[in-house]
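Here are my notes for you to read alongside the model. Take them one point at a time and keep the viewer open.

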Amino acid sequence: MNDDIIISDRKPVRSMGIKNLMPGLVERGKIKIGNKGAMRKSNQGNEFQMPQKLDHFLITSMAKGADNNFLRDDKIHEVLGDKPTEIPVVLLYDDIELNFQTRYACYNGKNLYCSGDGETARYIHTPANKQTNQPAVYAERECTCYRQDPTYQGKDKCKINGNLSVMIAGVDVVGGVWKFRTTSFNSVVGLLSSLALIKRITGGPLAGIPLTLTVQPKTVSDPIQGSTQVVYVVGL
């Protein structure tokens, strides 16, 4: 049987685009309520930077300084103020998940070991072997697990992760977003609740609506010690 080439005069089918490809603009900077402090040495002689919590927003560029911190974006702070607790923002999409991505994540050092959606998690069953050039083997397990328990103190503790993408209103930049990343349960729940409420009020739309990103103090109870403490929660 011959493999003849069949030439057709029919017009090609219009491209429908790649399925399940997540849209996203380039990250122009970060919105933070924390930073890294001065360099210190542990008892083992290892250098590290203690995290510092802030009661206001810090907007940075994507460049880092000599202290390994992202550099403060002074031009944006000229518009918003030195220590803003509110930022005028606009969302890009009507879909909550496209604006605010959430997951449970467990890290082994700097490497992502496991991530899940609260029902199913994908984890590294067999690590990659550089000597034999074998890639990592992944498997699935039930989510969440004991690593997410508040009493678990291992270095591979599982934490909730949220990643919000916004455009800052009044800033003369087009084609990029600023991202606020958090491992705070209160901020993740607060942002999801705000987005759901706004979507209900508007009847569906989220994109292009003038909104305000806020950071406010909240008194919470420590699940282990039972004592109260003040944390700063981000909302819309």
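1. A definition to start with: two strands pair if DSSP finds at least two bridges between them. With that in hand, look at G116, whose bridge partner in β7 is A121. The strands concerned, β6 and β7 (residues 120–126), run antiparallel and are joined by three bridges. Bear in mind throughout that this is a predicted model.

2. Stay with those two strands for a moment. β6 and β7 make a hairpin with three residues between the strands, and G118 there has a positive phi near 95°.

3. Which residue has a positive phi although it is not a glycine? That's N133, with a phi of about 60°. You'll find N133 in the loop between β7 and β8. N133 counts as exposed because its relative accessible area is 68%, and the cut-off for exposed is over 50%.

4. Next, have a look at the peptide bond from C143 to T144. This bond is cis, with omega near 10°. T144 sits in the loop between β8 (137–142) and β9.

5. S165 belongs to strand β9, which covers residues 158–168. Is S165 buried or exposed? S165 is buried, because its relative accessible area is 13% and the cut-off for buried is under 20%. Setting aside residues up to four places away in sequence, S165 touches L91, N99, V177, W178 and K179.

6. D73 lies in the loop between β3 (70–72) and α1 (74–80), and with a relative accessibility of 17% it counts as buried. Which residues does D73 contact, leaving aside neighbours within four places in sequence? They are I59, T60 and S61. Compare the position of D73 with that of T144: the two are 71 residues apart along the chain, and their C-alpha atoms are separated by 38 Å.

7. Finally, zoom out to the whole chain. The protein chain has three helices and twelve strands. Why call it more spread out than a compact globule? Because its radius of gyration is 22 Å, well over the 18 Å that the globule rule gives for 236 residues. The C-alpha atoms fill a box of roughly 80 × 50 × 40 Å along the principal axes.

8. Buried residues account for 31% of the 236 residues. Take the contacts between residues at least 6 apart in sequence: 53% of these join residues at least 24 apart. The accessible surface is about 16,500 Å², and carbon and sulfur atoms supply 51% of that. As for charge, the chain carries 29 positive and 23 negative charges, with mean positions 4 Å apart.

Note on methods
Residues numbered from 1 in each chain as written. Predicted model: local features only at pLDDT ≥ 70, side-chain atom pairs only at ≥ 80, totals over all residues. Heavy atoms only, no water. Helix = DSSP H or I, 4+ residues; strand = E, 2+ residues; numbered from the N terminus. Buried < 20%, exposed > 50% of the residue type's maximum accessible area, 1.4 Å probe, protein only. Contact = heavy atoms within 4.5 Å. Rg over C-alpha atoms; globule rule 2.2 N^0.38 Å. Areas by Shrake-Rupley, 256 points an atom, 1.4 Å probe, with all protein chains shown as cover. Lys, Arg positive; Asp, Glu negative; His and termini not counted. Charge placed at Lys NZ, Arg CZ, Asp CG, Glu CD.
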